[in-house]
Number of protein chains: 2
Amino acid sequence: MALIVQKYGGTSVGDLDRISGVAQRVQRYRSEGHDVVVVVSAMSGETNRLVGMGQEIAGGTPDPREMDVLTSSGEQVTIALLSIALQRLRVAARSLLGDQVAIRTDSAFGRARIQNIDTERLRGILSQGVVPVVAGFQGVDEGGNVTTLGRGGSDTSAVALAAALSADECEICTDVDGVYTTDPRLVEAARRLDYITFEEMLELASLGSKVLHPRSVEFAGRYRVPLRVMSTFEDGPGTLITIESENMEQPLVSGIAHARDEAKITVAGVPDIPGIASKILGPVGNANIEVDMIVQNTGADGLTDFTFTVKRQDYEQALELLEPVVQEIGAREINGDNEIAKVSIVGVGMRSHAGVATRTFDCLASENINIQMISTSEIKISVVVAEKYMELAVRALHAEFDLQDA
Amino acid sequence: MALIVQKYGGTSVGDLDRISGVAQRVQRYRSEGHDVVVVVSAMSGETNRLVGMGQEIAGGTPDPREMDVLTSSGEQVTIALLSIALQRLRVAARSLLGDQVAIRTDSAFGRARIQNIDTERLRGILSQGVVPVVAGFQGVDEGGNVTTLGRGGSDTSAVALAAALSADECEICTDVDGVYTTDPRLVEAARRLDYITFEEMLELASLGSKVLHPRSVEFAGRYRVPLRVMSTFEDGPGTLITIESENMEQPLVSGIAHARDEAKITVAGVPDIPGIASKILGPVGNANIEVDMIVQNTGADGLTDFTFTVKRQDYEQALELLEPVVQEIGAREINGDNEIAKVSIVGVGMRSHAGVATRTFDCLASENINIQMISTSEIKISVVVAEKYMELAVRALHAEFDLQDA
C-alpha cells in the first residue's frame, strides 16, 4: 500500500466522459489499497477561454491579480466534477481549492512560487479513507488572495504535494504513455524509456519536449520525488523519472531533443573589450526576449563575432533592437538566419564517457550536415543546423547512439 | 456622498459588452462621489450549465458540497471580469470571493444561511477608494468549505452586505425598471410604483412577481435596508422598497399579483376530528410538495371539506399520495382541479380601510367570475378562480382599485 499523488491534465479531464474515466482509474488504485491524492487541471481549452475573455475585456494587459481569480475558476469546476464522479463510484472524495489545502505561495500573480504546503488537513482527509481532489495551478498568498503558478502549474502543484506528503510516487497522467528517446513523429523507431534521470528530463523538457514542465521536474529533483509520466487512457508503466542510481546501468545517451522555430543573430566585427556581451544582450533581455545559445569567437584581429539564438517569433524585434547598438559599439555588421533548428543529445552517461561529442560531429558530417553552432553542458550537446536538415540529423543521431526500438 | 451596494444579476452581466456597460454605470456613481460595493451573479446561463454538468456526471443527485464548489465558480468569473473592466476605466477595483469578504454561513450546502459578515476588510478597501466587487450567492462555513445561498442568493448577498455596512441604499439592478402595479404583459396600463413597503413587496415576490427573491426582501425589511429595484440598462428612479412611513400616503392597494399553474385538491366528507389536517397534509409535505392556500369548511352533518392548493406540477403526485389517506381517514371522496389560478390584491392601505374585500368580490361578480377559494392576510386578499378568467380578473381589479397609468 502506497501513497500516490496523481495529476491529470486538461486533455485527461477534457469532457464529462473523460472525467468519469479518470474516476474509474482512481477507483482501481483505491481498490488495490493505495492512498491517492488527485490533482487536476482545468478542462482542456477552458484556461485559454478564460484568458481570452480577460484580455478582451481589458483591451490590453489585464490586472494579474484578477486574472488569477478568473483562471483559477477552471480547476475549481474540475475538482467538483471529479469528486462527484468518484462518489458515484462509491469512492469517498472531497474537493479542495488551493487555499483549502492550503498551498501557500508568494504574491507574484500569474507566476507564483509555492512557499509552503500545510499537510494537516490533507492527512486528516486521507486518514478517513477519503480521496482529496486538489485544484492544481492555484494557491493562496499571505493576504488570502488567489494566486496561480503559471503554465505547467498543475504539474508543479502535484510534485509539491508529493514532496510535502513524502508520497511514494507522483504520477503525471497525460495523453502520451511516457518519455521517448526522441519525437516519434520524426523517428518511427523512437522508443519509450523505462527510466530517465531528473537531469536528463530537465534538459529534454526545456528543449521542447512538451511532456513535463521544467519547473516541476526541477522541483521533483530537488525534493527527490519519484515522478512517473504515464497514459491516462492506456495501461502501461510509463517512464519513471528518478535520481541517478549507482547500480543503474546508464546508457550513453538517453534521448535526442529538437527545437524548430529558432533563429540566430550574429553581431560581427565587435571590438573585443569587456562589457560588450551585456551591451548586446541587455536590450534584448529588457524586451523579455529569451536568449538561448550564446557563442563568442575572437579572431586574430582583436575583433570578435558574437552569435546568439532566440525564438523565431522574436527574431525581427531583436534585429531592430540591435540596430542602434551596432552603431554604438562600433561593430562591423549584424546579420541573422531564421531558418535554423537546434538538435540536442542528452544523457548522464556522457559524463563519464569521452567521445560522445566526436561521434556526434562525425555522424552529422557523414550526412553532410553543417554544424553552425555548438553548445555543451555536462550531460548535453546541442548543435544548431539549417532547419531543413533537422529531421535527418535527429534520425541519424538516434541510430548512431543505438536508441532504436529493439 | 452615500455608500451604495449595487447588485447586478445574470442578464446584466450576460456577456463582455454588458459587463463593460456595468463598469460604466459604476464609474458614473464613483464620479458622483459615492462609495460603491458591487455584488454580481454568474453570467446568465452559466449556473444552469454548471448544474447540468454536475447532475449529468452524478447520474443522480450530486453531493451538495461539491455542487457548491462547482456553481460558485460562475460568480468567480464575473467578479474578475468586472474588476478588469472597471480598471480599464481607471476605476480602482478589487474582486472578493465569499470567503475573502468573509461572508460566513452555516453548512447547509446549496441553501446556506448567512450568519455573519466581517466588514473590516471591505471597509479597508473602501477607505482606499477602491470598489470591492463581491461574488454573490456564495459564502464560507466554519470549516472553510464553499457554500451557496440557493436561488436568488445574490440578492440576499447584496442586502446582507448593505445591512452589515449600514449602507444608505441597496440597488438591485436588473432588466426591468421597477416594480409594477401588475404584470404589464397582462395589463397595458400597469404603472411603475415609486414606492412600495417591504411587506407588500414580500407578498408580491412570493406571489410570483419575479423581480426579487422573497428571502432578500425579508432580510432587507428585518434590517431596514432601503432597497431599490432599477434597470441596469436605462436611467430612471426604479422602485424604492422601504419601511412604511407615517407621513407616506398609502394607496389602498399597491398591486395585483397573479399565479398561474396552480391546482387545487379537495378531500370531501372528512370526519371532523382533531388531527385530520396533519393526516392529509403530512404525506404531501413529506414529499416536499409545497402547499399554498388551505381552506376548511364544516357542514351541518359534522363532516368537513378540506381543500388546498399546490403547484400544478405537483398535482398528480399529490393526488396519488392521498388515495390511501382517503381510505384511512374514512373520507367520502377526493377530487381536484388543475386549471385554476390565483389572483391577489396587495396593499398596506387595506389594513386601516374596511371594504376592500367587498369591493374585490363585487368587482369579480360583476364580471361573472366565480370565486372558488378565498384566503386573506392583513395586507392581502387572494382568490382562486378558473384559469381562463385570470387575465380578466387582474384587469378588472387593476381598474377597480385605480392602479391605471395616469
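This is a predicted model: local features need pLDDT of at least 70, side-chain atom pairs count only at pLDDT 80 or more; totals for chains, interfaces and linings use all residues.
## Where the chains meet

How many residues does the contact take from chain B and from chain A? Chain B gives 29 residues, and chain A gives 29 residues. On the side of chain B that touches chain A, three helices each supply at least two residues: H1 (16-31), H2 (46-58) and H3 (64-88) of chain B. H3(B) brings the largest share of that side, 14 residues. By class, the side of chain B that touches chain A has 15 nonpolar, 10 polar and four charged residues.

## Two helices of chain B

Two packed helices are described by the angle between their axes and the distance between the axes. Take H2(B) and H3(B). Their axes come within 8 Å and cross at roughly 155°. An angle over 145 degrees counts as roughly antiparallel, and H2(B) and H3(B) are therefore roughly antiparallel to each other. H2(B) passes H3(B) in a right-handed crossing.

Which residues make this contact of H2(B) and H3(B)? From H2(B) come Glu46(B), Thr47(B), Leu50(B), Val51(B) and Gly54(B). By class, the contact of H2(B) with H3(B) has four nonpolar, five polar and one charged residues.

## Domains of chain A

Chain A is divided into domain 1, residues 3-175, and domain 2, residues 256-400. The centres of the two domains of chain A, taken over C-alpha atoms, are 38 Å apart.

## Two helices of chain A

Helix H9 (residues 276-286) and helix H10 (residues 315-329) of chain A pack at an angle of about 150°. Their axes are 9 Å apart. That makes H9(A) roughly antiparallel to H10(A). The crossing of H9(A) and H10(A) is right-handed.

On the H9(A) side, the contact is made by Ile276(A), Lys279(A), Ile280(A), Pro283(A) and Val284(A). On the H10(A) side stand Ala318(A), Leu321(A), Leu322(A), Val325(A) and Ile329(A).

Most residues other than glycine have a negative phi, and most peptide bonds are trans. Here are some exceptions. In chain A, the peptide bond from Val101(A) to Ala102(A) is cis, with omega near 0°. Ala102(A) sits in the loop between helix H4 (98-101) and strand E4 (103-105) of chain A. In chain B, a cis peptide bond joins Val101(B) and Ala102(B), with omega about -5°. The place of Ala102(B) is the loop between helix H4 (98-101) and strand E4 (103-105) of chain B.

Asp402(A) is a residue other than glycine with a positive phi, near 55°. Where is Asp402(A) found? Asp402(A) lies in the segment after helix H12 (390-400) of chain A.

Definitions and conventions:
Residues are numbered from 1 along each chain as its sequence is written. Chains are lettered from A and ligands numbered from 1 in the order in which they are written. Domain bounds come from an automatic or database domain assignment. Two residues are in contact if their C-beta atoms, placed from the backbone, lie within 7 Å. Helices (H or I, at least four residues) and strands (E, at least two) are DSSP runs, numbered from the N terminus. Ala, Val, Leu, Ile, Met, Phe, Trp, Tyr, Cys and Pro count as nonpolar, Asp, Glu, Lys and Arg as charged, and the others, Gly among them, as polar. Axes are lines fitted to C-alpha atoms, for helices over the stretch in contact, and angles run from 0 to 180 degrees between N-to-C directions. Angles under 35 degrees count as roughly parallel, over 145 as roughly antiparallel, 65 to 115 as roughly perpendicular and the rest as oblique. A crossing is left-handed if the near helix is turned anticlockwise from the far one by less than a right angle, and right-handed if clockwise.
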